[in-house]
Each structure stands twice: as structure tokens, then as C-alpha cells.
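Colleague: I would like to learn how to read the features of a model like this one. Could we go through them in turn?

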Amino acid sequence: MQIETILLIIAAFVIALVIALFQYIYRAKNRKKNSLFFAFLRFLSVFSLLLLLINPTFKQKTYYVEKPDLIVAVDNSSSIKNLRQDQSVIKFINQIKENEELNDRFDLVYYSFADKLKDSLDLSFDQKQTNISKALEELDQIYKNTIAPTIMITDGNQTYGKDYQFSSLGYKQAVYPVISGDTTAVTDTKIQQLNVNRYAYLKNKFPVEAILTYSGQENVTTTFQVTSGNGVVYSQPITFSQQSNSAVVSFTLPASRAGVIKYVARLVPLTNEKNTVNNDKNFAVEVIDQKTNVLLISDIVHPDLGAIKKSVESNERRSISISKPQEVKDLDDYQLVVLYQPNTRFRKVYEDLNTLKKNYFTIAGTKTDWVFLNKIQNKYTQEITRQTEYYIPRFNTNYSTFLLEDIGFGNYPPLIGTFGDISINTNHDPLLYRTISNIETDEVLITAIEENGVREAVLFGEGIWRWRAQNYLDSQGFEDFDDFFGKLIQYLASNKRKSRLNTISESFYYGNANISIKAEYFTKNYEFDRRGNLRISVKNKETEATQTIPMLLKNNSYEVDLSSLSAGNYEYTVTVLGENISRSGSFAILEYDVEQQFLNADVTKLKQVATNTNGKSFHLNQNEALIKELTEDQRYQTIQKSKENVVSLIDWKYLLVIVILLLSIEWFARKYNGLI
């Protein structure tokens, strides 16, 4: 307490004493025996009120005990139940909860994890994915500044994510893995991996590759077969031994009918196998009865031609032919025509395109004859300057003709085009704008035009081979560019009329994949509408169960996640509330649970985690040994800490009660003695 405060309290004491003596001793006409009593009461009440006004502060030191945290993280994936360990895990957790010694030594905190970490023990053992590495990373962030040893009850089987035996090297707490699952080697045959394309063409054959594995001591013979419906379409005997414990089976199957065809690959289980779930794998192939044929017409040789060809044919459902304008025979054999830097030799091609009302893609550059091109069509014109300019692409975020994302166009090399203004004389939807010398302009670099049922795209620059090369430098692959170019080709090659509501979905999904359906909704002017209220109704064809889910706006589309659906055949309808618009489709989900593929607990990795973190591994039947290890470890001590608080007297509520009580006693005493 400061000296100034002490002086104020002394002054308050004197003032309260003077007031009390003045009122009941000095001014009293008839002093009574109880005058001193009244003066004492008045002194106490006035002194208390003055203390409240002064409000002195006091330092108060409190002591408390801080116990270390003990994290109990439990694997909630379905592999625990598949290995018949779910009841043993629950029993082990109850033993931890009821142990008084542990509860006295630690503050127990419970988590469950599978693909995500949850701060609760709502155990169902039905989660389809496991990411142990992510669980450790999140726990490390939560308890990075405390002492918190971790009991991790798991079988150690991870389906995706970083390898946790290495990522655990950065975990700051000691981990005590409790291994749940059989650790003894048993005889097992398994379809390790199945490789097959999603698409095939009608009346062709598509390749299938199966990787089969075996764990065991004896020589065994079984059969690998593929069935579709009730019939066997492929069969082959397989022999395994301890030395030859794997086999690769490659074969082809005929694509005899269009549509989605489902298959089941089966490695016939041995008589003594415990886990037969990993002997079956479902797969499907969508058989397409037509191929998109593209014709690329050019009168010059340019690196762009090779880039276009590779990009178009990156999807095996498309093929491209390159021809000179004078060699073109029948345009009706192609779904799309690409005109590369047209000149006067393209006159016959343009006449045939107008007659057939064929969609086409025009690419202009430094060799383009703009005098000819301005005359042969009236949709757009280019100012004739005979000069060139470099144009850097800039993505149009409001592009709505079809679903497209920015793949980093702003970092791509510039294209070379003709210098001068471009006038577009019809409705169009710019995909990319021009940036010239770091100045953003509203002039188009690529635009889509749809007029009288004919679709055309125009690229006002050459050099897109550099874009494809830049995509490889950025991502070590061509996928982003090929996907962008493929969507453009797909839009131009389609003869479907533009609709205000479009849906995007696959014909089938594997059960372990993310299942999402997208929708595009446009205004009557065919501008993307972010104000739409879209709903999707999904119906299971077998059970007739129906559910309606709102679709969420994400970038330039509406999207819904249907990953929670079980395997089966479904049909869906997307509707817009307040509009008489809907679109329907169907898809299939193939049954696949990666958690069912595990036969044993991964003891090796879990023991390595214990070693990396200075912990120790245990089994589910070693709960007493684990408790003893934790309670006797000197690293986990209860710490007594002190905390100093500055307390104001005004916060002491009892002082106010005392003041009221003193004044009340004084009033009643005066009333009793006839002084009021």
C-alpha cells in the first residue's frame, strides 16, 4: 500500500472520529450513558464510507496446484471394428477413466480422431479414412507450451496423409501408443491394387491390371476372376509361395455396350483366411459410343500446332487431325474445326462452315490476314496496323459461358498479336483480357461467341505453346493447361444449346472418393447469378430414400458434397427456388472401404513413434503397466504455483453490508431512545 493511501486512511480515521464526537458528545444537550455507543456507531459507519471513497488496494497472493495434462486420443476409424478391437478399446478407456491414481496425477483430456481430430469421445468406429499424422500435428499445436504426454489408442493403419512415423519426430510430447489389433502374421491373399481407365470406347477393348499379394509360409493356389452381373468375364489361376508372394495380372475386357458397366474383381479366398474383405474390389468403366474428332487447319508450321495436338489428345476421348486449307475434304466428319491464323486460302473453309453451321475456334497471330478475315465474317474486326504487340493474359472472374478456374494466367508468358483496337459486333463472353505493358485493359484476348446456334471462340494471339511449357515448369505437369484447353474444346465441340441451369457430375464414383455435384445458374442474359437458391434432391433407386440438400455457392458454381452417401445407384434433380427450372441426372457409387483392407496392426510404425518421442508402446491388455509407467515417470510432476492479485477494497462487498448494518443499528437505537 502506498504512503499516500495510508495518509488518506489516517485522515479518514480522524474525520470520522471528529464527526462522531461532534454529533454525540459536543453538540448533545443532554448527554446520556449510551452517547458513547452512538458515537462509536457513527464513527464506524462514516469511517467505512470514507474507506470506500478512498478505495485502497491490497496485494493478495493465492496458491494453486497445476497437474500435467494427459491426452487420451482414440482411433475412431472402422478398421478398429473390422479387427474386432472396438469393445477392447472401450474397456481400456473405461479403465483409464476410473483409475484414481492417474486422475490424481494428471488432468485427463479425451480426443477421438479419424480423418479429423475431435475433442470428444463419441466413438462409433465407422469412419472411412484415417490420418494419424494430422491428429498429431493438431495436438502439437494445442499443447505446444505445456507438459502433456499422449496415450494414442490405435491400430496404426493410416489411409492417407504424411507418414506419421517420420512426422512424429517434430512432436514435442511423449507418445505412448496403445496397439489395438492382432500383431501375429497370418495367411492372407489380397488384391493390393487395381488399375483401370474410367472410360472406354464402344466396340474396343480396355486394359485392366491387377496387383495381387500373399502373406504366408506355404505354397498355395487360388483363382483370380472378374465378374459383371452374374457372368464371369475373365478368370486365371494364381500360385503363390513364400518367395513368390506377389503377382501382376494384365488383361483386356471388351466394351460391348454403351454406358456405365460395373465389375467385381475377386481373388478367391483360401480356406484358412480370416480377412476376406480385401479379396474383392469393385470397379466400373464408362463406355462411350462416340469420339470427339477435331480438325486443325493451318497454312503455316508453328510450335502452337504441336501444343494444341498434345493438349487435345491428352484426353483419349478426343482425336485431332492437322490439315492445310486446300487439303480439307469433308468438314462434316468433325465436331470442331480449329482455324489457325487464317488467310485467303481459308475462303472455301469459311464457306463450308457457314453452310454446315459448324462450330469453330479461330486463333489469330502475326501471320493472320486481317484484311481477309475482316471481310469474310462480320462478328469482329481488327484495326489494320501491320504492327505486333505482346499481350499478357488476365482472367475474367465473371466468365460464365462454362465452368472455368484461373490456372495462374497472370504469370504466363505474353502472346504475340496484331497491334490495334478490336471491335466485336455481337454478344460475347470474354474469357481472358489483355494486359499491355503492365496496364490492364478491357480488350479481349480470348472470347466466346454464340450466334444463331453456332459457337465460336477467338484467340487474338499466338504462342500458347509457351503457356503449356510454363504450366510444366510451375507444376511439373501439363494437367492444368490441358484441363483449361479441354474445357474450351468440349464447349465448342458440343451442339447443345445454352441453358440457364447446367449440372456437372461423374457417371460413377468410388466409395473412398469425394463425391460432389456442381451446378451453374445464369440470369436470362446468361450472366452467372450468385443470388440463386438451389436445391438438389437425391434419390436412391434401390431403397427409394430421398433427401433434399441446399447447394452452396463456391467461386463460379453451386456445389454440394454427397460423400456421406452409401454405395448404390442414385438419381438427382437440381431445382431453383422461385424459378420453373430444373435439371436431372444419375450416378452410381461403387462400394469400397479402404479401412477393411487391413489385416493387422502396424506395430513397427507405432513402436517407432514411441522411440521418436521418448515414449513407450503398450498393448490393450497392458493397462496396469502403462499406468505404472506414467505415474512413476519423474517428467510429469504436479507443480505448485502462486498468483498475486491486486484487490480493491471496493470489490469487498461485505464492507457495504457492514455500513448498512451500522446505520440500521444506529437508526433503531435512536428510535428506541426517543432521539428521532
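Predicted model: local features only at pLDDT ≥ 70, side-chain atom pairs only at ≥ 80, totals over all residues.

Colleague: Which residues of helix 14 are buried?

Modeller: Buried means under 20% relative accessible area, exposed over 50%, and partly exposed in between, with a 1.4 Å probe and protein chains only. In helix 14 (residues 623-632), the buried residues are Asn623, Leu626, Ile627, Leu630 and Thr631. They lie on the same side of helix 14 because they cover an arc of only 120° around the axis, the arc being that of the directions from the helix axis to the C-beta atoms. Glu624 and Glu632 are exposed, on the face of helix 14 turned away from its buried side.

Colleague: How are helices and strands defined, and what do the buried residues of helix 14 pack against?

Modeller: Helices (H or I, at least four residues) and strands (E, at least two) are DSSP runs, numbered from the N terminus. Contact means heavy atoms within 4.5 Å. The buried residues of helix 14 pack against strand 2 (69-75), helix 4 (86-98), helix 5 (100-105), strand 5 (150-154), strand 6 (175-179) and strand 35 (618-619).

Colleague: Now the sheets. What is the strand order in the sheet of nine strands?

Modeller: Strands of a sheet pair through backbone hydrogen bonds, either parallel or antiparallel. Two strands count as paired if DSSP finds at least two bridges between them. Here nine strands form an open sheet, ordered 16-15-17-18-25-24-23-20-21, and the pairing is mixed. Strand 16 (318-323) and strand 21 (415-418) are the edge strands, each pairing on one side only. On average, neighbouring strands of this sheet are turned by 30° against each other, direction ignored. For such angles, axes are lines fitted to C-alpha atoms, for helices over the stretch in contact, and angles run from 0 to 180 degrees between N-to-C directions.

Colleague: Where does the pairing run parallel, and where antiparallel?

Modeller: Strand 15 pairs with strand 16 in the parallel sense over six bridges, with threonine 292 opposite arginine 318 in strand 16. From strand 15 the chain passes through helix 8 to strand 16, a right-handed β-α-β crossover. Right-handed means that, with the strands pointing away from the viewer, the path from the first strand over the helix to the second runs clockwise. Strand 15 also runs parallel to strand 17, joined by five bridges, and leucine 296 stands opposite valine 338 in strand 17. Five of the seven residues of strand 15 are buried, so strand 15 is largely enclosed by the rest of the structure. By contrast, strand 23 (residues 428-436) and strand 24 (residues 439-451) run antiparallel, joined by seven bridges. Leucine 432 has isoleucine 446 in strand 24 as its bridge partner.

Colleague: Which residues of the largest nonpolar core touch the most other members?

Modeller: A nonpolar core is a set of buried Ala, Val, Leu, Ile, Met, Phe, Trp, Tyr and Cys residues joined through side-chain atoms within 4.5 Å. In the largest, of 35 residues, they are Ile308, Phe361, Leu432, Leu459, Trp467, Phe484 and Phe485. Helix 12 supplies the largest share of this core, eight residues. Leaving aside residues up to four places away in sequence, phenylalanine 485 touches Ile308, Ser311, Val312, Phe361 and Ile464. A second, separate core has 26 residues, among them Ile191, Phe206, Val249 and Ile261.

Colleague: In what order do the strands of the four-stranded sheet run?

Modeller: The order of this open sheet is 26-28-32-31, and the pairing is antiparallel. Strand 28 (residues 516-521) and strand 32 (residues 557-561) pair over four bridges, with alanine 519 opposite tyrosine 558 in strand 32.

Conventions. Residues numbered from 1 in each chain as written. Heavy atoms only, no water.
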